[in-house]
Structures are given as C-alpha cells and as structure tokens.
Amino acid sequence: MQRFDKTIPREASASLKYDGRLETFGTNDILPMWVADMDFAVPDAVTEALQARASHPIYGYSIAPESLYQALIDWLLLKHQWPVKREWIVLTPGVVPSLNLVVAALTAENAGVIVQPPVYFPFLSAVKDQHRRLIENPLILEEDDLGNLHYQMDLSQLDTCAREASLLMFCSPHNPVGRVWLKEELLALLAVAKKHNLIILADEIHADLVYADTQHHTLSRLAFKNAPAPSSIEAPHAIITAVSPSKTFNIPGLGLSALIIPDATYRQTIQSHLTKIAVSVTNPFSMIAFEAAYRGGAEWLSELMAYLQATRDEAIAFIRAHIPKINAVCPEGTYLLWLDCRKLNLDDKALALFFVQEAKLGLSSGAMFGRGGKGFMRMNIGTPRVNVMKALDRLKSALS
C-alpha cells in the first residue's frame, strides 16, 4: 500500500486538477477533489514503456500496432470473460468524444436520446450539442431504515421513454452515484431495449474499478450470452461499448479509448464519421501507454482497489460518525463519493460556496449531473488516504 500513500506534488505540472483551481474555484487555497483523475503514480510498466519510446528521438506519424488491439482483447477476456473480435474495435480519442461521435453518427437530428440522471455531465451535453432531444429516465434514490442510500433504475418509466427514443446512453458502473448494476437489472434493461429496438451506448470506462464486494457485468457480453442463438455473432440488439485504460490506470491525459462495436453497419458508420472529421488517434505515446497498461498493470490495479476500498470504508465510517448532516452513498465502484448535503438547506450556489470558502475543498457540484443532483456534491477519493481524511476533517470543522 505504501506506493499509494506517497504524496506526489502536482502543482506547476499543467494539471487541470491543481493548476486549474484558481480559474475553477476562484482560489488556490483549497484541497482539490473534483476532476476525476487520481493522485497516484501510474504502473511502473507504463512509465518504463513511455521512457523507452521517448528515448527514440523521432516522434513521427504513427499507426496502431496489432499488439495494442491484442492487449485490449486479452484484458477483456481475462478480466471480464468477454471474447471480443479484432474487427469490432474502433479506436477513438477519448470516451467523451466517443459519446458525441455515437450520438452524431447513429441518431438523426431531434431524435430522442435517453439518459439516466444524475449522470456524468458529458452525457447531457452530448445530446444537446448534437441537437438531439434529451429524454430523462431519472434514477430512483432509496433510503433504508438505517439511513443507507441506494440508487435503482426506474425500468417502468424507461419502457415509456423508449417508445420515443433511438438511443440509450448507459453508464456502467455509474458515475457519479457509484452503482455497479446487478445482472438481473441489466437483463431487464436489455429486455426493454430489445422490445423497442433501442441502440445502447454503454460507457464502461469504470468497469475495472469495482470493489471486492460486488461484480461488474459487461452489458454486451450479457446480451450475447443470453441471445437465442449464442453461436451467432449478432447480438439481439445493438450495443456499443466504450472502454479505456484511462481511469483504471490513471492515464486520462493521454486520451486514447476504444469503442467495441459488434454490428458491422454501425461500425462502418462510426468509422466514416471519424474519417470525415479527420480525427487522429495515433499519438505514439498514448498508444504505448494503452498497451503497456493492459499488459503490465494487473498487479498495480489489484493493489489500487484494495487501497481504495480501505479508503472508502474509512471515509464512510467517519462521515456517519462525525458529519451527521451529510449522508454519503457508499460506492460499489469508481473512486467517487456522492455526498447528500440536502440537510444543509442550501441552494446549489450557496452549497458550492460553503465547500470552497468554509471547508476549503474543491468538489464537483451535484447540479452539474442533471436532475437529482441538486443538493449533492461529488468527491474524488483517488488520492492518498491522508488527503481524504484531511478533507473530511475540514468538512467536519466547517459544520461544527
């Protein structure tokens, strides 16, 4: 665990998280726990591969080697028991561009696109920026007798939404609420999609960041496994899956991801759109890091998840014991804490100001994540545990 306890100064490294504090929050005098990258050194395999490539003094136009595709295929089979064919893979310059790309390529202007708020805000902007019609299927927040918060999908309302939609943008595991969807929930979702011929874009960028007490199910694999003819390469409905090593191995600044598209027609349409806008994904360093992470990062990831789980548990226990005015959703996946601050009775502007000015913390306002986000804040715990506990102590003092 020692490697994750190490504090690595990030100021003056052109870090959005640290060097963007003044522009984002109006002050540098905060502990930044907002944008979703981690304060941990990447796996040694990634650093060594990048250093080896940098030692070659020419950084010319590059191509993606077949070994890169094979590294992804091997990882998905090993970690998720998902047999992916080479021809299904389309490289893209990041998951957020992928969201916009799929919406633009596979839906018509003004077509209905379903999102499930509160959800990662680029889902919302991808629909609006591509001039599609936003259809909301809000998650249901439940609270048990002990005060534990839990989110569910509203599958009945989803069925109603799907009658006037072309595409569902699905987040699995879910950002920001941290849900890892159960197999039964996903099968019910697939049934709705099949009934209404709905395309699903599944953002599974956090699929590897799942805690030991739960299990991630890849939606596309589940669809194939439960298809009437398992030997067929055709899924019962169209599922496009966005994957990337960026969150898993803390390399989001290198900007390379992939779409897994079993349907040949959809794949060709998306590739055509990429060609039209002349987007290149063949940065030599992003490709090197992509492959090295999948080939050499498994042990690092195992240690990371043990560390994050201990941090999560300690943080949840502290909040419940010492900050009764705030209720945290215990995440099943991701390194994000979703904080219910509604008992503070502050509007979103006042809530954000309280965290910055009183608690000296820079978090993401829940209002950014759409309906159901008001009164919430998202905290990034992907940092040495001492920082997380320092942040919670600041919050406790500010509320005293």
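Student: Where is Lys 360 found?
Tutor: Lys 360 is in the loop between helix 14 (348-358) and strand 13 (361-362). Helices (H or I, at least four residues) and strands (E, at least two) are DSSP runs, numbered from the N terminus. One caution: this is a predicted model, where local features need pLDDT of at least 70, side-chain atom pairs count only at pLDDT 80 or more, and totals for chains, interfaces and linings use all residues. Residues are numbered from 1 along each chain as its sequence is written, and side-chain values use heavy atoms, with hydrogens and water left out.

Student: What is phi of Lys 360 near?
Tutor: Phi of Lys 360 is near 60°, a positive value, and Lys 360 is not a glycine. Most residues other than glycine have a negative phi.

Student: Why does Lys 360 count as partly exposed?
Tutor: Because its relative accessibility is 32%. Buried means under 20% relative accessible area, exposed means over 50%, and partly exposed is in between (1.4 Å probe, protein chains only).

Student: And Ala 14, what is its phi?
Tutor: Ala 14 has a positive phi of about 60°, and Ala 14 is not a glycine. Ala 14 sits in the loop between helix 1 (2-5) and helix 2 (16-19). Ala 14 counts as exposed because its relative accessibility is 74%.

Student: Switching to peptide bonds. Which residues does a cis bond with omega of about 0° join?
Tutor: Pro 117 and Pro 118. Pro 118 lies in the loop between strand 3 (112-115) and helix 7. There is also a cis bond from Asn 175 to Pro 176, with omega near 20°. Pro 176 is in the loop between strand 7 (167-171) and helix 9 (183-196). Most peptide bonds are trans.

Student: Do strand 7 and strand 8 pair in the parallel or antiparallel sense?
Tutor: Parallel, over five bridges. Cys 171 has Asp 203 in strand 8 as its bridge partner.

Student: At roughly what angle do the axes of helix 6 and helix 7 cross?
Tutor: The axes of helix 6 (residues 95-106) and helix 7 (residues 121-129) cross at roughly 35° and come within 9 Å. Val 96, Leu 99, Asn 100 and Val 103 in helix 6 meet Pro 122, Phe 123, Ala 126 and Asp 129 in helix 7. Contact means heavy atoms within 4.5 Å.

Student: What about the open sheet of four strands?
Tutor: Its order is 11-12-15-14, with antiparallel pairing. Strand 11 (327-329) and strand 14 are the edge strands, and each pairs on one side only. Strand 12 (residues 336-340) and strand 15 pair over five bridges. Asp 340 stands opposite Phe 376 in strand 15. Strand 14 (residues 364-365) and strand 15 pair over two bridges, and Ser 365 stands opposite Met 377.

Student: How many residues of strand 15 are buried?
Tutor: Five of its five residues, 376-380. Phe 376, Arg 378 and Asn 380 point one way, while Met 377 and Met 379 point the other. In a regular strand the side chains alternate between the two faces of the sheet.

Student: Last one. Is Asp 208 buried or exposed?
Tutor: Buried, yet Asp 208 has no salt bridge. A salt bridge is a side-chain nitrogen of Lys or Arg within 4 Å of a carboxyl oxygen of Asp or Glu. The nearest side chain of opposite charge, Lys 79, is 7.0 Å away. Lys and Arg count as positive and Asp and Glu as negative; His and the chain ends are not counted.

Definitions and conventions:
Two strands pair if DSSP finds at least two bridges between them. Axes are lines fitted to C-alpha atoms, for helices over the stretch in contact, and angles run from 0 to 180 degrees between N-to-C directions.
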